[in-house]
Amino acid sequence: MSAAAEILVPGKAGEGEALVLTAPISFWGGVDPRTGRIADVRHPQHGEVIAGRVLFLPGTIGSSSASAVLMELVHNGRAPAALVLHEPDAILLLGLIVAREMGWETPIAVRLGRGTFDAYRGGAVSVGADGAVTVAI
């Protein structure tokens, strides 16, 4: 299965196991920037690692520090392989933009309808530089 997604922030094409979050997440305090692990004990996917995976985000819980956490994840080599968002989050995506301006390699971020997220759950997913989101069958 493949879908054309809207590119929100260009970056390196990525592939990895899909991690489809079932609830919005706050990156500030919700994700450990040193390990890439979901640290929020109240989040349904607590303990899962986002590093190296294609991260499907149904939403984010705001904090102006989310961009700094995502930038730290990139700098520490613990960022997702790609980010797939239901709705753009300017504050979160700013972290990718600043990391790219720092000269760091950043993952691509795309927008895809939330109703399609379940089709990717648990699969090996690739997100191309052109925004194509593909799951291996």
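In which loop is the place of Asp 40? Asp 40 has its place in the loop between β5 (37-38) and β6, where helices (H or I, at least four residues) and strands (E, at least two) are DSSP runs numbered from the N terminus. The model is a predicted one, in which local features need pLDDT of at least 70 and side-chain atom pairs count only at pLDDT 80 or more, while totals for chains, interfaces and linings use all residues. Residues are numbered from 1 along each chain as its sequence is written, and side-chain values use heavy atoms, with hydrogens and water left out.

**The sheet as a whole**

- An open sheet is formed by 8 strands in the order β1-β10-β9-β3-β6-β7-β8-β2, and its pairing is mixed; two strands are taken to pair if DSSP finds at least two bridges between them.
- The edge strands of this sheet are β1 (2-4) and β2 (6-9), each of which pairs on one side only.
- Neighbouring strands of the sheet are turned by 30 degrees against each other on average, direction ignored, with axes being lines fitted to C-alpha atoms, for helices over the stretch in contact, and angles running from 0 to 180 degrees between N-to-C directions.
- Strands of a sheet pair through backbone hydrogen bonds, either parallel or antiparallel.

- Strand β3 (residues 14-20) pairs with β6 in the parallel sense over 3 bridges, and Val 20 stands opposite Phe 56 in β6.
- Strand β7 (residues 82-85) also pairs with β6 in the parallel sense, over 4 bridges; in β7, Ala 82 is the bridge partner of Val 54, and Leu 85 stands opposite Leu 57.
- From β6 the chain crosses through helix α1 (residues 66-75) to β7 in a right-handed β-α-β crossover, a term that applies if, with the strands pointing away from the viewer, the path from the first strand over the helix to the second runs clockwise.

- Strands β7 and β8 run parallel and are joined by 4 bridges; in β8, Ile 108 is the bridge partner of Ala 82, and Ala 109 is that of Leu 83.
- The chain passes from β7 through helix α2 (residues 90-101) to β8, and this β-α-β crossover is right-handed.
- Strand β8 (residues 108-111) pairs with β2 in the antiparallel sense over 3 bridges, and the bridge partner of Glu 6 in β8 is Arg 111.

**Selected residues**

- Asp 40 counts as buried because its relative accessibility is 16%, and its C-alpha atom is separated by 23 Å from that of Tyr 120, 80 residues apart along the chain.
- Asp 118, found in the loop between β8 and β9 (124-127), counts as exposed because its relative accessibility is 52%.
- Asp 118 and Leu 55 are 63 residues apart in sequence and 12 Å apart in space, C-alpha to C-alpha.
- Leu 73, in helix α1, is buried, with a relative accessible area of 0%; the C-alpha atoms of Leu 73 and Thr 106, 33 residues apart along the chain, are separated by 9.9 Å.

**The largest pocket**

- The largest pocket holds about 180 Å³ of space; on a 1 Å grid over the protein atoms alone, a pocket is an open set of points where a 1.4 Å probe fits, with protein on both sides within 12 Å along at least five of seven lines, and lining residues have an atom within 4 Å of a point.
- Its lining comprises 13 residues, of which Lys 12, Pro 80, Ala 81, Glu 105 and Pro 107 lie nearest the centre of the pocket.

Terms used
Grid points are joined across faces, edges and corners, and a volume is the space filled by probe spheres set on the points. Buried means under 20% relative accessible area, exposed over 50%, partly exposed in between (1.4 Å probe, protein chains only).
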